[in-house]
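Have the viewer open and follow along.

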Amino acid sequence: MNATLPTSETLRAALAGLLEGEPPARTAAAVDRLIATYRGTTPTHTPVLRDAADAAAYAAYRMPATFEAERAALGALADAAPGWAPGSHVDVGGGTGAAVWAAAATWPGSRTTTVLDWAGPALAAGRDLAAGVPALRDTRWTRARVGGAAGELPACDLLTVGYVLKELTPDDRAALVAGAARAARAVVVVEPGSPDGYERIMAARDLLIGAGLRIAAPCPHDGACPIERGADWCHFAARVGRSSLHRQVKGGSLPYEDEKFSYVAAVRLPAQAAPARVVRRPMTRKGQVLLDLCTVADGLRRETVTKRRGAEYRAARSADWGDAWPPPQREHRQGGAERERDPGSDA
């Protein structure tokens, strides 16, 4: 493992350092208040994180999960655009910086990185967390409004908007996504994997396509989503390892949790969307694997991969919720992830 790159382990260690000396009872009380706030339905225009203690509690409570979800979304973009890496990254509403950690884990190497957020305590916490990671030390942490009052966003290769849209009014959401489409070559929006989070992602997807971008992930096409609205929703899950600190602030006992999320990645650069995407956890039966797929030609369909299909069956047994299907040829990617090998790509 390259110790200079962000990983789940380095993030956990940084969070432990951030909370060192904080009374556990104070952290737990701040987490309870934040949970109540973030589970509400009313958009807010004031910073939820009031001070350094709030920011530290938020980071311990949410950052491991948002890091894993955003790393999964950015990994799908990297698979769709092999050979491409962003030279600049702007994270809008990035708070403590989970998306910049995820981007650095996905594309090793240097880039110009800026986090924009209105909450000063979150930016300060993000700066402290990143200080021990060489790949993140030069990140710019800039206090700025997001949404309709934000103005033009800076031009960049990659722009991320993670877990932000719920906090904005519908008009401000639309203004933010439209601004992102003008500013970036690749836009990745991530929201909670709930029915309302999916609806916000679908609205963002429509705006991005309308602005001339193409869908790189998770959808295998730019057409209408085949899921019946109101009956189901498209979302995925990222496994999050819980440290003892994480279990303490969240009040859980299991060593892991699954972060449910919805996302869209749209681009103005050479990219190839997956032929199909696994949209439910695969079901393994004796001698066969059942895959629920979203496809270009058939919309939603179930494919049964039997043992007599050899290599495809072995691949299906290893397939996970959210994976491309059929699985791309992969090469090892520094930092523990993988990406598609496409020797002929000029991206």
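The side chains of glutamate 303 and arginine 309 form a salt bridge, with 2.7 Å from N to O; the term means a side-chain nitrogen of Lys or Arg within 4 Å of a carboxyl oxygen of Asp or Glu. This is a predicted model, in which local features need pLDDT of at least 70 and side-chain atom pairs count only at pLDDT 80 or more, while totals for chains, interfaces and linings use all residues. Residues are numbered from 1 along each chain as its sequence is written, and side-chain values use heavy atoms, leaving out hydrogens and water.

- Glutamate 303 counts as buried because its relative accessibility is 13% (buried is under 20% relative accessible area, exposed over 50%, partly exposed in between, with a 1.4 Å probe and protein chains only).
- Aspartate 298 has 51% relative accessibility, so it counts as exposed.
- Arginine 301, at 32%, counts as partly exposed.

**A pair across the chain**
- Arginine 62 and glutamate 259 also meet in a salt bridge, at 2.9 Å from N to O.
- This pair links distant parts of the chain, 197 residues apart: arginine 62 lies in helix 3 (residues 52–80) and glutamate 259 in strand 8 (residues 256–267). Helices (H or I, at least four residues) and strands (E, at least two) are DSSP runs, numbered from the N terminus.
- Arginine 62 and glutamate 259 are both buried.

**Whole structure**
- A search of the whole structure finds 15 salt bridges.
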